[in-house]
Amino acid sequence: MSHCETTHSERSKHPPNEWPLRADLASIWNSRSYCYLLIFCLATSAVPPAASQWKPNGIPVCDTTINLGFSLLPKVAEDGHGGAFVCWHDYRNADIFIQHVGHDGRMLWQKNGVPLIDDSSFQQYPRIVADGEGGAFIAWEDGRGDNLYPYAQHIDSSGLSLWPPGGIKVSDRSGLFISIRPSEGGSLLVAWNGGGGPDVLVQKLDGSGVRCWGDSGVFLSRGQGDVAANDVLVETDMSGGAIVVWSKDGIIRCQRVDDLGNVRWGETGIRLSDSTRNVSVGISSDGSGGALFSWGDLVRNEMVAQRVRASGDIA
């Protein structure tokens, strides 16, 4: 097993008696040339031993032999009905593919997945999230052009692309380590590390895939320093804007951007950590326009959490 991705549902939104009807824990992994998916459900708040709901060793989502020996780097998102959306990097022309698995383990779209792009350039590291309407948003790093750029696509419940074929170029600024989150009105929030350097950016695409915050997006961090891999995360502020957290040179910062693309928490954001040895950031909406943040503090050797209100005040 070369890769495993796990996603937890937000239990606070669902009472315990609903848990058996939905996927509470979904795991996706590579096994040699195949991409397998296994769904677990938790029956009560007492958290009994989890049990596989489909086959004990998982079900094949993609079983093409052309992927033999390669890591597909799959990602999974719950569909809200006990099933899951799965996306992965596929060596059939180095493109991004997606599949919808029903609550009963059946593949709902074409065998071995639906290609999101058919291009000879390189696409990698997809991210996926359900849109709340039966479809999903997907974003990835795309090699069309002179660098890697963030691209995105919106898929409906039938597996059809709602945005132009090949996806939308999120920004004219190259980027890595993409994070996505659905927002109000069918829009999508995308945050990333600009060019693998010191920059952190966020962009909003409306329901038609049109850029809302300029051609580049909103710069949240510039200048010297290194942004940690996969330590840029975005969350909705529930008012059409975004909240972003990142780790740069081991320092955790966050920023809120309103619906018009204006930063709200000072020019450089809010510094959350005292030390400079912090990793593995996390973010979740507090339901009131602010957010809950978490990270690992390597100095104190413990996990740390903090809440920031919509106003920017530390709770």
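**Figure 1. Salt bridge between D297 and R300.** D297 counts as buried because its relative accessibility is 6%, where buried means under 20% relative accessible area, exposed over 50% and partly exposed in between, using a 1.4 Å probe and protein chains only. R300 forms a salt bridge with D297, with 3.2 Å between the closest N and O atoms; the term requires a side-chain nitrogen of Lys or Arg within 4 Å of a carboxyl oxygen of Asp or Glu. The structure holds 12 salt bridges. The model is predicted: local features need pLDDT of at least 70, side-chain atom pairs count only at pLDDT 80 or more, and totals for chains, interfaces and linings use all residues. Residues are numbered from 1 along each chain as its sequence is written, and side-chain values use heavy atoms, with hydrogens and water left out.

Figure 2. The side chains of D172 and R211 meet in a salt bridge, N to O 3.2 Å. D172 lies in the loop between β13 (168-169) and β14 (175-182), and R211 in the loop between β16 (199-205) and β17 (218-221), so the pair ties together parts 39 residues apart in sequence. Strands (E, at least two residues) are DSSP runs numbered from the N terminus. D172 is partly exposed at 40% relative accessibility, and R211 is partly exposed at 23%. A network of salt bridges links D172, R211 and D215. Another salt bridge joins the side chains of D104 and R106 at 2.8 Å, N to O; D104 is partly exposed, with a relative accessible area of 38%.

Figure 3. R127 is found in strand β10. This residue is buried yet has no salt bridge, and the nearest side chain of opposite charge, E141, is 6.0 Å away; Lys and Arg count as positive and Asp and Glu as negative, while His and the chain ends are not counted. Leaving aside neighbours within four places in sequence, R127 is in contact (heavy atoms within 4.5 Å) with residues including K75, C87, F137 and N230.

**Figure 4. The largest nonpolar core around L116.** A nonpolar core is a set of buried Ala, Val, Leu, Ile, Met, Phe, Trp, Tyr and Cys residues joined through side-chain atoms within 4.5 Å. Of the 16 residues in the largest one, I98, L116, I128 and I138 touch the most other members. Elements giving two or more residues to this core include β7 (84-90), β8 (95-101) and β10 (123-130). Beyond four places in sequence, contacts of L116 include I96, I98, I138 and W140.

Methods. Helix = DSSP H or I, 4+ residues; strand = E, 2+ residues; numbered from the N terminus.
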